[in-house]
Amino acid sequence: MGVGVGVGIGGLITFLTLASCFGDITKVDTSGASEITARQDKLTVQGVDASHKLAEHDLVRMNKYKKLITRVGQKHGLDPAIIAGIISRESRAGAVLDHGWGDHGNGFGLMQVDKRYHKIVGTWDSEEHISQGSEILKEFIRRIQAKFPAWPKEHQLKGGISAYNAGDKNVRTYERMDVGTTGGDYSNDVVARSQWFKRQGY
């Protein structure tokens with residue numbers, strides 16, 4: 001489902017304007033998944049190729065949530081492909097969750113909202129949950145925008161994605177923003193997965 005499906009011209013223009021506030025995910029540079037992350041699926045490749053393979057392995061499950069993801073993206077002015085990239089990385093589109101929970105019982109839902117820092121809303125695979133995760137991501141992007149106002153939008157977007165995993169204080173430089181993130185590759189892996197989902201119509 002494309003961005004404009006079910007949205008009037010005015011709504012589509014508004015969505016594209018909002019999305020442009022956060023940069024273009026297709027223009028973000030990425031080194032992709034680390035060897036540690038690639039091992040999840042016993043892949044013999046790493047980097048961008050590994051990220052694409054991991055995303056591809058999640059596609060059938062992800063497609064169950066495509067309408068929800070698209071609707072939330074339109075609502076929040078976020079590229080649905082980025083939401084899908086985070087869902088793929090955080091929960092493998094639900095495959096690694098135990099009754100909706102992950103991260104030793106701290107992370108909830110497709111986007112793994114941490115109960116220690118946020119009040120959980122909705123069921124683990126609901127629109128409410130995806131909306132909450134997207135709001136959290138937007139807040140981190142805004143924090144990175146404020147912290148590094150001279151960065152191009154695409155750099156700020158990547159920094160916000162990194163902060164979604166390890167917090168905005170962990171983002172100190174553009175080149176080393178993934179140092180301290182899970183697997184040492186969080187934003188690079190999510191960006192590469194997001195770019196792959198973009199090509200699948202997200």
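These legends describe close-up views of a predicted model. Residues are numbered from 1 along each chain as its sequence is written, and side-chain values use heavy atoms, with hydrogens and water left out. Local features need pLDDT of at least 70, side-chain atom pairs count only at pLDDT 80 or more, and totals for chains, interfaces and linings use all residues.

**View 1. Ser34 in its loop.** Ser34 lies between helix H1 (9-21) and helix H2 (35-38); helices are DSSP runs of H or I, at least four residues, and strands are E runs of at least two, numbered from the N terminus. Ser34 is buried at 16% relative accessible area (buried is under 20%, exposed over 50%, partly exposed in between; 1.4 Å probe, protein chains only). A polar atom of its side chain lies 3.1 Å from the backbone oxygen of Gly183.

**View 2. The open sheet E1-E2-E3.** Three strands pair antiparallel; pairing needs at least two DSSP bridges between two strands. E1 and strand E2 (residues 107-108) share two bridges. Trp101 stands opposite Phe108 in E2.

**View 3. Arg71 and Glu127.** Their closest N and O atoms are 2.9 Å apart in a salt bridge (a side-chain nitrogen of Lys or Arg within 4 Å of a carboxyl oxygen of Asp or Glu). Arg71 sits in helix H4 (residues 66-76) and Glu127 in helix H6 (residues 127-147), 56 residues apart. Arg71 is partly exposed at 42%, and Glu127 is partly exposed at 25%.

**View 4. Asp189 and Arg193.** Their side chains meet in a salt bridge (2.8 Å, N to O). Asp189 is buried at 0%; Arg193 is buried at 0%. Both belong to a salt-bridge network whose members include Asp41, Asp58 and Asp185.

Technical notes. Polar contact = N/O pair within 3.5 Å; in protein donor to acceptor, adjacent residues only side chain to side chain.
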